[in-house]
Amino acid sequence: GGYNNSSRHRRTEDDQMSRGARCCFGLLFLTTQVLLHGLITLILYWVIQFRWKDGQGLPFAWRGTGRVALEKQWNLHPVLMVTGFIYCMGQAMLVYRSCRCCRRIYNKLLHTFFHILAIPCVVLGFLAAWDYHSLRTDKDGNADPIPHFYSIHSWLGLLTMGLFLLQFLVGVFSFLLLLCCESATASYRAALVPIHSTVGTTTFLLAVATAVAGLTEKAFFELSITYPGWVRYIQGAAPEDLPSIGGIPYSSGHFLESVLLNVMAATLALLGVLMPLLLWTPQFRNRSQHSHH
């Protein structure tokens, strides 16, 4: 029905969204939040359960000595990168769809805040992997470094970090600093919005691809020939009939880690589908967003 005289003249985004679109948006938004939080939970569980070899102290370390400390430093890499690139960046982008009653400047500041949170995560996550490659030793303590930037995962990671940095600098300059001369820069900022939004979504999707490539790499490095064994394990095959490494028989641990890595990758892929849906579906945007953001 129409609006009566007592209704506000300036309609909110919720009013402008149809009831069906609002219901659909709510369901998709809730699912996305469950996946974002679930992914952080799963990656922490994986590190604590399967990457914390000695069970001493904490599963993480920074610039310690010895192989164990270096492995613990590597553990920071997946946790921090997923927190920075997937969780913080995801939340930053969703601010513009979820905070419907705030003034626009508050949305921008919250959007920027989540990206500022992501920066130390990404920097420390990158350094953790860099040190692991540079300082790795063999069992006798001799230097045994891994080459940097040899893999698909690392190439995609560099591209993602480059785009993220570019986006952040352009965003802060254009949408925050240029507000001091708001009317003079309005047309420039309006023209930049669709580019900024598109490159932001692209950066998120690249981060998803990078994380999936990293998980795939880890699955084949760590689980090696035992990786496919989980399919026959759930079919009831005896452990002695399943592939094993170094005389260690196939166990429920091999099965759980294999499935866990696959579930994390599938969660990332689902986020790669849901995030663009939430951000780019016209029905989930208000009229002012069609013209301004």
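Modeller: Gladly! Let us start with a helix pair: helix 6 and helix 8 pack with their axes 10 Å apart, at an angle of about 170°. Axes here are lines fitted to C-alpha atoms, for helices over the stretch in contact, and angles run from 0 to 180 degrees between N-to-C directions.

Biologist: What makes helix 6 roughly antiparallel to helix 8?

Modeller: Angles under 35 degrees count as roughly parallel, over 145 as roughly antiparallel, 65 to 115 as roughly perpendicular and the rest as oblique. The angle of about 170° therefore makes helix 6 roughly antiparallel to helix 8. Their contact has 19 nonpolar, six polar and one charged residues. For these classes, Ala, Val, Leu, Ile, Met, Phe, Trp, Tyr, Cys and Pro count as nonpolar, Asp, Glu, Lys and Arg as charged, and the others, Gly among them, as polar.

Biologist: Before we go on, where do the model and its numbering come from?

Modeller: This is a predicted model, in which local features need pLDDT of at least 70 and side-chain atom pairs count only at pLDDT 80 or more, while totals for chains, interfaces and linings use all residues. Residues are numbered from 1 along each chain as its sequence is written, and side-chain values use heavy atoms, with hydrogens and water left out.

Biologist: How many helices and strands does the protein chain have, and how do you know what counts as one?

Modeller: The protein chain has nine helices and zero strands. Both are DSSP runs numbered from the N terminus: helices are H or I with at least four residues, strands E with at least two. The pattern along the sequence is α-α-α-α-α-α-α-α-α.

Biologist: How are helix 2 and helix 3 arranged?

Modeller: The axes of helix 2 (residues 19–51) and helix 3 (residues 67–98) come within 10 Å and cross at roughly 170°.

Biologist: Why is Thr-32 called buried?

Modeller: Buried means under 20% relative accessible area, exposed over 50%, and partly exposed in between (1.4 Å probe, protein chains only). Thr-32 has 0% relative accessibility, so Thr-32 counts as buried. Thr-32 lies in helix 2. Leaving aside neighbours within four places in sequence, Thr-32 is in contact (heavy atoms within 4.5 Å) with residues including Leu-94, Leu-271 and Leu-278.

Biologist: And what makes Thr-198 partly exposed?

Modeller: Thr-198 has 39% relative accessibility, so it falls in the middle class and counts as partly exposed. Thr-198 sits in helix 6. The C-alpha atoms of Thr-198 and Pro-276 are 78 residues apart along the chain and separated by 9.5 Å.

Biologist: Why is Ile-116 put in the partly exposed class?

Modeller: The relative accessible area of Ile-116 is 45%, so Ile-116 is partly exposed. Ile-116 belongs to helix 4. Ile-116 and Phe-168 are 52 residues apart in sequence and 8.9 Å apart in space, C-alpha to C-alpha.

Biologist: What makes a group of residues a nonpolar core?

Modeller: A nonpolar core is a set of buried Ala, Val, Leu, Ile, Met, Phe, Trp, Tyr and Cys residues joined through side-chain atoms within 4.5 Å. The largest one here has 48 residues, and those with the most contacts inside it are Trp-46, Ile-86, Phe-204 and Met-264. Helix 2, helix 3, helix 4 (104–135), helix 6 (182–223) and helix 8 (252–280) each supply at least two of its residues. Helix 2 gives the most, with twelve residues. Beyond residues up to four places away in sequence, Ile-86 touches Leu-36, Phe-204 and Leu-268, among others.

Biologist: What stands out about the phi of Arg-63?

Modeller: Most residues other than glycine have a negative phi. Arg-63 is not a glycine, yet has a positive phi of about 50°. Arg-63 is in the loop between helix 2 and helix 3, and at 48% relative accessibility Arg-63 counts as partly exposed.

Biologist: Where is Phe-149 found?

Modeller: Phe-149 is in the loop between helix 4 and helix 5 (152–176). Phe-149 has a positive phi of about 55° although it is not a glycine. With a relative accessible area of 32%, Phe-149 is partly exposed.
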